[in-house]
Amino acid sequence: MSLCNPATFSFSHLTLNKISLTSRWIPSFGGRSNRSVKLRRFIVSPLGTHYRLWETFLVFLVFYTAWVSPFEFGFLEKPRGPLAIIDNVVNGFFAIDIVLTFFVAYLDKASYLLIDNPKQIAWRYTRTWLALDVVSTIPSEVAREILPPALRHYGYFNMLRLWQLRRVSSMFARLEKDRNFNYFWVRCAKLICVTLFAVHCDGCFYFLLAARYQDAKRTWIGAVMENFHDESLWVQYVTSIYWSITALTTTGYGDLHAVNIREMEFDIFYMLFKLGLTAYIIGNMTNLVVHCTSRTRKFRDTIQSASSFAQRNRLPVRLQEQMLAHLCLRYRTDSEGLQARDS
């Protein structure tokens with residue numbers, strides 16, 4: 001009857017057509033589509049293997065940027081040797097990605113179809129991330145000439161390169177939904193990266209306060225290391241990271257502590273930030289542990305309920321053993337099935 005109804009048939013045909021189109025463009029999480037999407041000439045598919053490899057390569061460059069930008073901001077006043085060359089090379093790759101983005105199709109959130117119209121791609125990118133991407137790739141040498149003399153510090157403009165961290169956030173969001181990766185370890189890796197980045201940035205910022213203070217001896221590092229300006233970068237960096245870790249782990253300010261008002265003000269805001277970061281890390285780890293142990297707890301509760309039921313109704317011993325064996329086998333089978341899907 002429904003096949004003979006034109007309205008029902010038309011609706012079903014449109015529904016099936018939409019499902020087929022959606023499945024054609026969007027592979028399942030962790031899966032790879034075997035169908036080639038035919039786009040316009042010179043337009044790159046964001047689901048293609050080559051573009052995915054390019055994105056992964058850029059993520060590694062972002063990890064480098066996340067380390068070097070705060071380091072240059074806190075410890076260097078001008079470009080030094082190979083570090084400045086590597087920075088410009090990295091900026092060059094990000095500049096290539098800006099040009100490439102104008103030729104990458106995007107997924108329309110309303111229709112779930114890939115938009116390969118060059119004008120729509122360019123307009124969407126122009127009104128979203130283009131300005132920030134361009135600013136974050138300007139070489140430091142050029143930025144020093146643009147900025148006023150009071151702000152011509154090697155690291156000021158480099159801090160804008162941290163805008164590229166959005167790529168790492170997108171990568172972790174994608175990995176968390178990918179069935180080929182274990183969700184627990186992906187979340188742990190994300191929390192570790194957030195913690196290391198916070199420790200690194202705070203250590204670099206705190207050293208900058210001491211390096212720019214008029215009286216070097218009245219600083220947190222000058223009180224224990226009078227000639228810290230003459231020390232190597234390695235000694236300065238390790239000392240700063242040591243302070244940052246002791247502050248983050250709330251072990252207290254021992255030999256390294258705030259001396260002047262500027263450092264005290266920084267410590268106040270740092271401790272408030274530390275409270276939020278610690279709560280975020282502990283909350284996430286608690287959720288992960290509870291999620292992993294909830295199945296075991298439910299299994300123990302089920303065994304306890306079955307045993308109480310059997311004893312209360314005076315079931316035969318043989319039947320009680322079979323009940324418990326069935327529950328154990330079911331739990332073991334479910335666990336192995338989940339592990340197989342996660343691996």
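This note sets out, in numbered points, the fold of a predicted model and several of its helix contacts and individual residues.

1. **Overall make-up.** The chain contains 11 helices and two strands. Read from the N terminus, the order of elements is α-α-α-β-β-α-α-α-α-α-α-α-α. The chain has 343 residues, and 33% of them count as buried. Its accessible surface is about 21,900 Å², and 64% of that surface belongs to carbon and sulfur atoms.

2. **Helix H2 with helix H8.** Helix H2 spans residues 49-75 and helix H8 spans residues 183-211; their axes lie 7 Å apart, at an angle of about 15°. Angles under 35 degrees count as roughly parallel, and H2 and H8 are therefore roughly parallel to each other. Their crossing is left-handed. On the H2 side the contact includes Phe 63, Trp 67, Pro 70 and Phe 71, and on the H8 side it includes Cys 193, Phe 197, His 200 and Leu 208. By class, the residues of this contact are 14 nonpolar, two polar and no charged.

3. **Helix H2 with helix H7.** Helix H7 covers residues 166-177, and its axis comes within 9 Å of that of H2, with a crossing angle of roughly 125°. This angle makes H2 oblique to H7. The crossing of the two helices is left-handed. From H2, the residues Arg 52, Glu 55, Leu 58, Val 59, Val 62 and Phe 63 take part, and they meet Arg 167, Val 168, Met 171 and Arg 174 of H7. Six nonpolar, no polar and four charged residues make up the contact of H2 with H7.

4. **Helix H2 with helix H3.** Which angle separates H2 and H3? Helix H3 (residues 81-101) packs against H2 at about 140°, and the axes are 10 Å apart. H2 is thus oblique to H3, and the crossing is left-handed. The H2 residues involved include Tyr 51, Trp 54, Phe 57, Leu 61 and Glu 72, while those of H3 include Leu 83, Asp 87, Phe 93, Phe 94 and Asp 97. The residues of this contact divide into 15 nonpolar, one polar and three charged.

5. **Two residues with positive phi.** Phe 42 has a phi near 70°, a positive value in a residue other than glycine. Phe 42 is found in the loop between helix H1 (6-25) and H2. Is Phe 42 buried or exposed? Its relative accessibility is 60%, so Phe 42 counts as exposed. Arg 314 also is not a glycine, and has a positive phi of about 55°. This residue sits in the loop between helix H10 (261-312) and helix H11 (317-342). Because its relative accessibility is 77%, Arg 314 counts as exposed.

6. **Trp 163.** The loop between helix H6 (140-146) and H7 holds Trp 163. With a relative accessibility of 23%, Trp 163 counts as partly exposed. Which residues does Trp 163 contact, leaving aside its neighbours within four places in sequence? They are Trp 129, Leu 132, Asp 133 and Ser 136.

7. **Tyr 183.** Tyr 183 belongs to helix H8. Its relative accessibility is 40%, so Tyr 183 counts as partly exposed. Not counting residues up to four places away in sequence, Tyr 183 touches Glu 176 and Leu 288.

Technical notes
Residues numbered from 1 in each chain as written. Predicted model: local features only at pLDDT ≥ 70, side-chain atom pairs only at ≥ 80, totals over all residues. Heavy atoms only, no water. Axes fitted to C-alpha atoms, helices over the stretch in contact; angles between N-to-C directions. Helix = DSSP H or I, 4+ residues; strand = E, 2+ residues; numbered from the N terminus. Parallel < 35°, antiparallel > 145°, perpendicular 65-115°, else oblique. Left-handed = near helix turned anticlockwise from the far one by under 90°. Contact = heavy atoms within 4.5 Å. Nonpolar A, V, L, I, M, F, W, Y, C, P; charged D, E, K, R; others polar. Buried < 20%, exposed > 50% of the residue type's maximum accessible area, 1.4 Å probe, protein only. Areas by Shrake-Rupley, 256 points an atom, 1.4 Å probe, with all protein chains shown as cover.
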